[in-house]
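Please look through the sequence and the model below before reading on.

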Amino acid sequence: MCPVCQARFRGSGECSRCGADLGILMRLAAGAWRMREAARDAISLGDLARARALASKAQEICRTPAGRDLEMVSGWLAVDEARTAQ
């Protein structure tokens, strides 16, 4: 969504309604998506602390409902792993 006029993204680097430059926002959103993908990969590799860190950082950059779920799950897994290691 355009932060200036609230129009929906239409796949362009410029808002179709107000002309605002959306390139930076799009790059941030893409970076957060890549971090979430890396977090999922880290979970599958058993690197739960890294998964938690990546998911949290992605949410700081660009909040999404799926990102929130990934952050919660990776957090639970990391805490559970820490408890079982004691």
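Is D80 buried, partly exposed or exposed? D80 is partly exposed, because its relative accessible area is 43%, where buried means under 20% relative accessible area, exposed means over 50%, and partly exposed lies in between, all with a 1.4 Å probe and protein chains only. The model is a predicted one, in which local features need pLDDT of at least 70 and side-chain atom pairs count only at pLDDT 80 or more, while totals for chains, interfaces and linings use all residues. Residues are numbered from 1 along each chain as its sequence is written, and side-chain values use heavy atoms, with hydrogens and water left out.

Helices here are DSSP runs of H or I with at least four residues, and strands are runs of E with at least two, numbered from the N terminus. The 14 residues of α2 should span 20 Å at 1.5 Å a residue, and this agrees with its end C-alpha atoms, which are 20 Å apart; the expected span is 1.5 Å times one less than the number of residues. The buried residues of α2 are L48, A51, L54, A55, A58 and Q59. Seen down the axis of α2, these buried residues fall within an arc of 135°, so they line one face of the helix, the arc being that of the directions from the helix axis to the C-beta atoms. These buried residues pack against α1 and α3, contact meaning heavy atoms within 4.5 Å. The face of α2 turned away from the buried side carries the exposed residues A49 and E60.

The charged side chains come next. Side chains of opposite charge can pair when their charged atoms come close. A search of the whole structure finds three salt bridges, each being a side-chain nitrogen of Lys or Arg within 4 Å of a carboxyl oxygen of Asp or Glu. In α2, K57 forms a salt bridge with E60, with 3.9 Å between the closest N and O atoms, and these two residues lie three residues apart, about one turn of the helix. K57 is partly exposed, with a relative accessible area of 40%, whereas E60 is exposed, at 58%.

Another salt bridge joins the side chains of R40 and E37, at 3.0 Å from N to O. Both residues lie in helix α1 (residues 23–45), three residues apart, about one turn of the helix. R40 counts as partly exposed because its relative accessibility is 34%, and E37 is also partly exposed, with a relative accessible area of 30%. The side chains of D69 and R68 meet in a salt bridge as well, at 3.4 Å from N to O. Here D69 counts as partly exposed at 35% relative accessibility, and R68 is partly exposed with a relative accessible area of 43%.

Finally, where does T64 lie? T64 is in the loop between α2 (48–61) and α3 (65–85), and T64 is partly exposed, because its relative accessible area is 27%. Leaving aside its neighbours within four places in sequence, T64 is in contact with R36 and Q59. The C-alpha atom of T64 is separated by 9.8 Å from that of A29, a residue 35 residues apart from T64 along the chain.
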